Amino acid sequence: MPNSWLILTRARQSAIGIDMQVKSSSFRTTATKALLDEDLRAAMDRAEGGFVDTRKQAVDELVNFQEYREFARSTKNHVLAHLDYYLTRFESNVMASGGQVHWASNGEEVNRIVLDICRRPGIDKITKGKSMVSEEFALNAGLEAAGLEVVETDLGEYIIQLAEETPSHIIAPAVHKTKQAVTDLFEEHHREAGYPRVVERLDIVNQARQVLRDHFCTADVGITGGNFLIADTGSIALITNEGNGDLTANLPDIHIVVTSIEKVIPDMQALGGFLRLLGRSATGQIMSVYTTLFNGPRRIDDLDGPGEFHVVLVDNGRSGILGSQFQDILRCIKCGACMNHCPVYTSIGGHAYGWVYPGPMGSVLTPLMVGQKNAPDLPYACTLNGRCKTVCPVMIPLPDLLRKHRNNLVEMGQTRSLQKWGMQLWFQVARNPSLYNMMVGLYALKLNMLARLTSAFRRGSFKRIPLLGAWTSTRDFPVPQTTTFQAQWKRQRGHD
Amino acid sequence: MNGAISPQKTVQIALLVTCLSDLFRPQIARAAVELIEKFGYQVDVPRQTCCGQPAYNAGEKVKARILAENMISLFEPYRYVVAPSGSCAATIKEHYPGLFDEGSSEHEQCMQLVEKTHELSGFLVDVAKADLEKNPLFGDRSLRITYHDSCSGLRELGIRSQPRKLLKDRLGIDISEMPNSEVCCGFGGMFCVKYPEISTRMVDNKVDGIEGVEAEVLLGGDLGCLMNIAGRLRRIGSTTRVYHYAEFLADSDPGPAIGYRD
């Protein structure tokens with residue numbers, strides 16, 4: 001795809017600015033800690049059940065769901081092969097409707113562009129709709145450092161902003177929080193303004209609405225993300241459930257969309273296909289509650305809308321993935337189905353993954369965006385059970401991509417030495433049938449003898465085996481017979 | 001049906017024993033041989049090692065390819081290759097082709113093995129297509145039995161109805177389905193020792209499902225998963241016994257469960 005490279009070259013010049021702290025290298029420690037968090041477990045159990053069941057119901061109702069998946073895959077593949085064409089087409093159509101387009105190769109540039117727009121008299125407060133892209137470079141921190149007030153308006157994002165945490169799920173950022181935790185958090189932060197302590201779900205939501213309503217009406221700038229960029233019309237499609245995105249975009253005088261380059265799609269017809277997939281895959285909704293198309297600033301005969309409309313197109317490492325063996329991950333429409341169906345994610349929650357994107361798609365994307373050496377555990381944080389692949393609406397072969405990461409780590413010599421030498425030893429045995437049969441036979445015999453020396457033999461299983469503590473600390477291990485199947489076969493049927 | 005009347009007498013089938021069954025549970029391979037022979041096929045067990053799955057999943061592509069080459073030439077003379085494991089069969093069927101350059105002669109030979117390799121229950125139901133007679137040994141034992149669908153067999157090979165059909169037809173078993181029968185048990189090869197804490201949580205979720213349907217027996221088709229689940233059940237003092245489905249289907253008595261002496 002030589003054409004795509006041309007336009008994106010400028011975006012690839014500088015390294016990715018990683019502002020959000022990368023903690024992916026401490027995966028195992030954080031994950032183990034997360035397993036002990038009973039609140040997290042309760043929250044995740046509830047969320048997992050809900051997401052999985054509702055998705056299944058919504059997907060089963062659409063008889064040609066599989067055809068839509070294939071349509072989405074081929075549409076995204078086509079766009080990625082001609083990304084330069086679709087992005088420039090999108091850019092000129094945004095400009096034709098009176099909007100401005102800014103290209104940002106990394107997080108630093110995004111922060112600078114947004115600050116440049118906001119740095120003028122009378123701009124103090126920014127409301128913000130949910131945007132995972134902006135988490136990649138901690139946009140909020142950059143704006144706050146410049147003295148601006150930033151208020152997250154998605155309920156989940158608002159909760160974690162108060163808690164000073166990062167999202168643990170890409171569509172349900174506060175999924176790890178229990179109701180009790182939110183009650184306490186609201187009391188702590190809203191008491192001063194005279195709000196009472198609220199414990200019921202509806203009261204909690206209503207209090208957030210009241211607090212946020214004030215912010216919506218007094219904000220000077222609204223920042224939102226974008227789910228799809230429609231090249232044909234220069235529209236931004238924003239899909240939300242709370243309506244906060246629309247209030248953020250329409251009430252302030254300036255609307256800034258911070259979004260990434262792989263989100264462009266050709267036309268409105270394609271949008272129809274993606275919408276059928278997104279709501280169903282994400283939350284099991286046939287359609288999300290609010291689906292809005294933003295087209296430029298307020299026109300002369302419009303009654304409302306922003307006076308200025310900016311789109312910041314963010315690369316931040318994506319063009320480096322384009323054309324690589326990982327290009328499939330750029331099809332991702334950030335629905336979260338892979339993590340909802342991932343038994344590892346639902347056991348440990350999103351924070352253990354250590355960066356913006358958790359779960360299967362995060363384990364593929366994070367090493368690509370922050371560097372493999374900063375996320376060495378993520379490619380292995382997977383049993384390759386393949387459930388994510390079967391639910392992905394754009395058919396990303398997630399387990400295969402994780403295996404490719406592992407393959408790259410091996411080829412770069414970056415696997416742990418114990419793993420490397422263990423594998424080497426095993427391989428030398430496994431490639432030689434005579435040696436293999438001898439070694440396996442000896443191992444069976446030795447384990448069996450070891451069992452006879454302990455109570456394991458009578459029990460039929462070991463409670464502890466030297467060097468196998470990782471297994472036997474929580475699981476019994478069966479005592480083998482004295483001879484292997486192949487040895488028995490050879491004896492009985494005389495075959496070699 | 002009985003073996004004696006079979007027209008397939010001359011068809012040679014190679015059993016892919018699988019490393020785990022070879023070492024830890026020869027009963028499974030024995031049961032597989034028995035079952036295939038009941039259909040009148042001739043079973044052979046050429047001296048073999050491993051299909052390369054551990055290397056392949058660890059990202060050791062070069063090593064996996066060398067082991068794949070061994071398997072391809074080893075099984076070249078046979079009409080079918082049958083494995084009592086979804087993940088080993090899937091390694092060959094789904095992942096071997098990617099190890100060789102398309103269009104090369106190695107790839108072509110690889111595809112021949114891919115075509116003729118089957119997971120045991122898939123082979124019996126979809127290829128052999130014969131009904132097994134009722135197992136007299138099993139009699140009218142009424143056991144509450146649930147089934148764990150191992151991930152590779154389920155998602156890569158579509159093995160779901162086949163073992164259930166065999167169990168129903170031959171033993172009259174109606175599976176008491178657990179809601180999480182298709183969720184990974186946390187084994188995942190090296191995963192279970194690399195992340196033992198996460199793996200244990202996952203197997204605990206599986207155990208919750210088993211206990212939820214009050215199953216006396218858990219059956220499945222992949223020994224790795226079964227050792228993981230059986231090991232956890234045994235450790236927490238559960239009385240649920242774990243077997244490979246083939247051990248129940250074969251004529252010989254299933255004997256002690258995985259991790260039990262009697």
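This is a predicted model: local features need pLDDT of at least 70, side-chain atom pairs count only at pLDDT 80 or more; totals for chains, interfaces and linings use all residues.
**Helix H17 of chain A**

Helix H17 of chain A covers residues 359-370. After H17(A) comes Gly371(A), which has a positive phi, near 100°.

**His351 of chain A**

The loop between H16 and H17 of chain A holds His351(A). Is this residue buried or exposed? His351(A) is buried, because 21 other C-beta atoms lie within 10 Å, and the cut-off for a buried residue is 20 or more. Leaving aside residues up to four places away in sequence, His351(A) touches Thr30(A), Ala34(A) and Ser168(A). Asp116(A) is 235 residues from His351(A) in sequence, and their C-alpha atoms are 32 Å apart in space.

**Chain B as a whole**

Chain B contains 13 helices and 7 strands. For its 262 residues, a compact globule would have a radius of gyration near 18 Å; chain B has 18 Å, and therefore agrees with that rule. The table gives further values for this chain.

| Property of chain B | Value |
|---|---|
| Span of the C-alpha trace along the principal axes | about 50 × 50 × 30 Å |
| Buried share of the 262 residues | 57% |
| Share joining residues at least 24 apart, among contacts between residues at least 6 apart in sequence | 77% |

**Contact between the chains**

How many residues of chain A are in contact with chain B? There are 52 such residues in chain A, and they meet 54 residues of chain B. On the chain A side, helix H21 (residues 433-453) supplies the largest share, with 6 residues. Sorted by class, the side of chain A that touches chain B has 25 nonpolar, 17 polar and 10 charged residues.

Note on methods:
Residues are numbered from 1 along each chain as its sequence is written. Chains are lettered from A and ligands numbered from 1 in the order in which they are written. Helices (H or I, at least four residues) and strands (E, at least two) are DSSP runs, numbered from the N terminus. The expected span of a helix is 1.5 Å times one less than its number of residues. The radius of gyration is taken over C-alpha atoms; the globule rule is 2.2 Å times the number of residues to the power 0.38. A residue is buried if 20 or more other C-beta atoms lie within 10 Å of its own, exposed if 12 or fewer, and partly exposed in between; C-beta atoms are placed from the backbone. Two residues are in contact if their C-beta atoms, placed from the backbone, lie within 7 Å. Ala, Val, Leu, Ile, Met, Phe, Trp, Tyr, Cys and Pro count as nonpolar, Asp, Glu, Lys and Arg as charged, and the others, Gly among them, as polar.
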